[in-house]
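Subject: Structure for you to look at

Hello,

Here is the structure I promised to pass on. Please open it first, then read my notes below.

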Amino acid sequence: MTPLERTIKFIENRDVDLPPFHPIIMRFAAKYSNVKYKDFCLDYRVKTKAMLKCAEDFSIDWLTVMSDPYTETEAYGVKFEYPENSLPEPIEPLFTDVADIDRIGKINTLENPRMINRINEIKEYVNLGGDKYFIVGWVEGPMAEYADIRGFGEACMDLFDAPEKIAKVSEIMTANAIDFITHQVKAGAHCIGIGEAACSQIGPALYRELFFEKDRALVDHIHSLGAYAKLHICGNTSSILPDMIKTGADIIDIDHLVGSMSPFVDLLGKKQVFSGSSDPVSIIQDGDAQSIEDSVTACQNETHGRCIVSAGCEITPGTSIENFKAYENAVLKLKR
Amino acid sequence: MNTKLAEAITKGDRNSVQTIVTESLKGGEKAEAILNDSMVPAMREIGEKFSRNEIYVPEMLIAARAMQSGLDILESALVEAGHKTLGKIAIGTVKGDLHDIGKNLVAIMLKGAGYEVNDLGVNCDISKYIKAVDDGAQVVLCSALLTTTMPYMKTVVDHFKDNKNVKVVIGGAPVTQDYADSISADGYGSDAFNAVLAIEQMLSA
């Protein structure tokens with residue numbers, strides 16, 4: 001069974017040999033492959049080679065385009081510097097006044113270098129990996145993107161100070177994301193992830209009022225193209241998890257901060273799965289082989305086996321090869 | 001308690017906070033009384049609601065903004081009155097991390113609770129925390145929002161572990177009590193309100 005077959009069959013609730021292994025590896029992948037993070041972010045050849053090496057060496061079932069949340073942010077006009085070995089940093093002020101957000105408009109995917117680079121990442125995965133791996137593209141959801149442009153704190157206050165502007169900007173950002181999704185699926189992505197990290201902090205009332213319908217529209221569009229949708233909101237999403245499931249996303253990422261997934265698993269549709277939720281620091285980075293195995297097993301038990309093995313959030317670059325191998329082995333032990 | 005002032009803070013109505021504080025000072029009320037009888041309890045109520053997941057970050061932020069707008073007016077009056085702070089705290093987001101929401105919330109709540117706060121900003125390496133302690137900080141607060149930057153907290157904890165005059169408290173979205181215990185941090189704040197409680201307990205011990 002190929003990783004691609006395993007993942008698709010697993011989502012569709014068909015028999016598989018073992019649950020798919022989809023750890024979020026960005027800085028870990030760059031470090032393991034001994035490449036500079038700047039190149040990992042900006043050069044599709046560097047990222048795809050690094051991710052493929054990790055997939056081959058650690059029995060990983062997916063290939064992703066994830067590196068940082070700023071691809072669209074740069075397209076919206078925020079300038080970044082790219083340190084050699086850490087995350088991109090904005091060098092010009094974000095939109096410092098709520099009136100600035102009237103400048104946010106349509107962005108053309110094919111005119112923005114980082115967006116083009118993402119499409120090339122997907123094409124390169126198809127080129128190098130063929131039909132072996134589950135290829136996942138990515139877009140930022142409207143709340144996450146707005147927070148990246150405005151600053152998270154200011155964005156939160158804008159939700160109260162300027163809700164009509166937020167509504168207008170969300171429409172524009174959702175339309176832009178839909179266009180970006182289309183290009184990525186056409187390039188060969190089997191799935192598109194939607195990053196909405198900031199939504200775990202705003203509570204269910206604001207999420208439902210302002211962003212739920214936008215996220216659902218993104219999921220619907222992904223499905224209309226014949227692809228799978230993954231919804232990624234890190235942090236403690238307990239208060240909005242039922243809504244996340246209602247978006248219809250096929251894969252719902254669960255951060256370890258949610259705690260047990262048991263209370264929520266019965267809300268999943270027949271062809272929906274969780275992905276999570278081992279603690280990437282206390283368990284995967286700092287734990288031993290037994291604690292890693294126990295965590296992986298616990299996630300399967302909590303979800304009656306309806307859980308892609310992942311850490312819910314990024315594997316740290318400080319994770320040892322020994323521990324990551326133990327993580328891989330814990331997954332292989334789940335063979336059915 | 002001035003219930004209108006407290007309500008204005010909890011609702012995030014900074015315009016009303018500014019008006020009420022200004023009028024109260026003009027009316028002869030003491031700055032310390034305005035702060036301690038109405039503003040601090042209001043922020044404490046907000047902090048407690050946040051801890052119980054009755055409100056979330058946006059509501060906390062607009063309340064904190066309203067609180068800060070009142071503190072800005074009170075500051076000179078408090079200094080004139082010889083108001084003494086309860087202690088000196090340094091707070092910063094750790095190296096490699098640019099997130100500041102949690103840090104900013106804790107800083108405002110600490111100021112409101114009567115502490116002198118040295119805000120070190122974001123992306124703080126050990127030298128910033130060392131300088132803050134050299135400048136008199138009794139407690140160092142480390143904040144992180146990323147699993148990939150959390151490990152730097154251990155660097156800070158390890159540096160100050162032999163200094164009995166300094167306590168290190170950690171917090172942030174991915175941080176847990178277990179993690180705090182594993183790196184031998186002196187304290188852990190599960191959210192802004194509990195961070196303030198941890199410091200209050202630490203400094204009154």
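**Confidence**

Chain B has a mean pLDDT of 91, and 100% of its residues reach 70 or more. Keep in mind that this is a predicted model. Which elements of chain B have the lowest and the highest mean pLDDT? Helix H5 of chain B (residues 101-113) has the lowest, at 85. Helix H6 of chain B (residues 126-134) has the highest, at 97. For the complex, the predictor gives an ipTM of 0.89 and a pTM of 0.90.

**Chain B**

Start with the elements. Chain B contains 9 helices and 5 strands. Read from the N terminus, their order is α-α-α-α-β-α-β-α-β-α-β-α-β-α.

Next, the overall form. The C-alpha trace of chain B spans about 50 × 35 × 30 Å along its principal axes. Why does a radius of gyration of 17 Å agree with a compact globule? Chain B has 205 residues, and a compact globule with that number would have a radius near 17 Å, so the two agree.

Of the 205 residues in chain B, 52% are buried. Now take the contacts in chain B between residues at least 6 apart in sequence. Of these, 74% join residues at least 24 apart.

**The core**

The largest nonpolar core has 176 residues. Which members touch the most other members? They are A:Ile192, B:Ile9 and B:Val140. Within chain B, helix H4 (residues 57-80) gives the most to this core, with 10 residues. Domain 1 (3-80) and domain 2 (88-204) of chain B both give residues to this core, so the core lies between them.

Have a look at A:Ile192. Leaving out residues up to four places away in sequence, A:Ile192 touches several others, among them A:Trp138, A:Val139, A:Ile181 and A:Val185. A:Ile222, A:Ala227 and A:Ala229 are also touched by A:Ile192.

**Where the chains meet**

How many residues does each chain bring to the contact? Chain A brings 25 residues and chain B brings 22. On the side of chain A that touches chain B, helices H8 (152-161), H10 (203-224) and H13 (280-285) of chain A each supply at least two residues. The largest share comes from H8(A), with 6 residues. By type, this side of chain A divides into 12 nonpolar, 9 polar and 4 charged residues.

Best wishes

Technical notes: Residues numbered from 1 in each chain as written. Chains lettered and ligands numbered in written order. Predicted model: local features only at pLDDT ≥ 70, side-chain atom pairs only at ≥ 80, totals over all residues. Contact = placed C-beta atoms within 7 Å. Helix = DSSP H or I, 4+ residues; strand = E, 2+ residues; numbered from the N terminus. Nonpolar A, V, L, I, M, F, W, Y, C, P; charged D, E, K, R; others polar. Rg over C-alpha atoms; globule rule 2.2 N^0.38 Å. Buried ≥ 20, exposed ≤ 12 C-beta atoms within 10 Å, placed from the backbone. Core = buried A, V, L, I, M, F, W, Y, C linked by C-beta atoms within 7 Å. Domains from an automatic or database assignment. pLDDT = per-residue confidence, 0-100.
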